[in-house]
Amino acid sequence: MRKIILLITCMFGISVFSQIKVLKNESLVEIGKDNSVGLYKKEDKFTVNYQDLNTANLNTIRSFSFQNLNGDVAGLYKLIMDGFISTPDENVVLELPNDIIELHYEKNYGQQTMQFIQVINKNRKYIGKSQFLNQKQVEKIFGRTNGKYTMYDKPASINPAATKGAANTASTATPASGGAKKKSRK
């Protein structure tokens with residue numbers, strides 16, 4: 001009987017003084033991914049992750065985020081696809097709350113491709129570049145091939161009291177005119 005009471009006491013003592021807690025896993029949903037570029041959704045915020053080819057360490061993963069207030073995700077997708085149809089003369093420049101994103105178009109092996117160029121924290125000293133993406137890869141990243149693009153406009157479950165008075169930090173995805181002109185390698 002003493003052994004049973006001692007065993008129960010030890011088990012209770014271990015559970016009371018444990019240091020590891022299980023936290024609620026926040027829902028991060030993958031919209032689409034191709035190689036090292038992916039689009040993810042968390043509540044009402046969309047994030048593009050990519051492997052930075054502009055660094056010596058190829059394990060560097062960079063990201064930029066924005067909210068989908070005025071259909072910005074669909075607008076970004078349309079803007080990118082329009083660039084495949086009619087190639088812009090200069091980079092298309094987008095201003096996000098924290099970063100500047102340039103859409104750089106270039107022909108590689110006779111095929112039109114697009115690359116994200118990120119000016120990190122709006123400081124021209126720190127620039128990240130994604131891999132070059134063709135039209136099919138962009139469709140896959142934006143969830144057009146797997147049907148997940150329907151998640152763009154799904155409302156997130158947010159406490160309305162928590163968002164009152166919050167600053168609007170979303171991009172309108174309107175390109176600025178006259179981006180930096182880059183010569184393409186042919």
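1. As a reminder, an α-helix has 3.6 residues a turn, so residues three or four places apart point the same way.

2. Some housekeeping. This is a predicted model, with local features needing pLDDT of at least 70 and side-chain atom pairs counted only at pLDDT 80 or more, while totals for chains, interfaces and linings use all residues. Numbering starts from 1 along each chain as its sequence is written, and side-chain values use heavy atoms, with hydrogens and water left out.

3. Overall layout: the chain has four helices and eight strands, where helices (H or I, at least four residues) and strands (E, at least two) are DSSP runs numbered from the N terminus. Read from the N terminus, the order is α-β-β-β-β-α-β-β-β-β-α-α. Of the 186 residues, 34% count as buried. The accessible surface is about 12,500 Å², and 53% of that belongs to carbon and sulfur atoms; these areas come from the Shrake-Rupley method with a 1.4 Å probe, and for residues only the protein chains shown count as cover.

4. On contacts, meaning heavy atoms within 4.5 Å: among those in the chain with a separation of 6 or more, 48% are between residues 24 or more positions apart.

5. Val29 has Lys41 as its bridge partner in strand 2, and Asp34 stands opposite Val37. The hairpin has two residues between the strands, and Asn35 takes a positive phi near 55°. Strand 2 then meets strand 3 (residues 45–51) through six bridges, with Val37 partnered by Tyr50. That hairpin also has two residues between its strands, and Glu43 in the turn has a positive phi of about 55°. Finally, seven bridges join strand 3 to strand 4, where Asn49 stands opposite Ser63.

6. Which strands make up the other open sheet? Its four strands have the order 5-6-7-8, with antiparallel pairing. Strand 5 (92–95) and strand 8 (127–129) are the edges, each pairing on one side only, and the twist averages 25° from one strand to the next. Four bridges join strand 5 to strand 6 (residues 100–108); Val93 is partnered by Glu102 in strand 6.

7. Helix 2 is worth a look in the viewer. The length checks out: at 1.5 Å a residue, the 14 residues of helix 2 (residues 72–85) should span 20 Å, and its end C-alpha atoms are 20 Å apart, which agrees. The expected span is 1.5 Å times one less than the number of residues.

8. Which residues of the largest nonpolar core touch the most other members? Of its 28 residues, they are Leu39, Ile80, Leu103, Met114, Phe116, Val138 and Phe142. At least two residues each come from strand 2, strand 3, strand 4 (61–67), helix 2, strand 5, strand 6, strand 7 and helix 3 (135–141). Helix 2 gives the most, with six residues. A core here is a set of buried Ala, Val, Leu, Ile, Met, Phe, Trp, Tyr and Cys residues joined through side-chain atoms within 4.5 Å.

9. Last, strand 2 (residues 37–42) is mostly covered, with five of its six residues buried. Not counting residues up to four places away in sequence, Leu39 touches, among others, Val29, Ile31, Phe46, Val48, Val73, Ile141, Phe142 and Tyr152.

Methods:
Buried < 20%, exposed > 50% of the residue type's maximum accessible area, 1.4 Å probe, protein only. Pairing = 2+ DSSP bridges. Axes fitted to C-alpha atoms, helices over the stretch in contact; angles between N-to-C directions.
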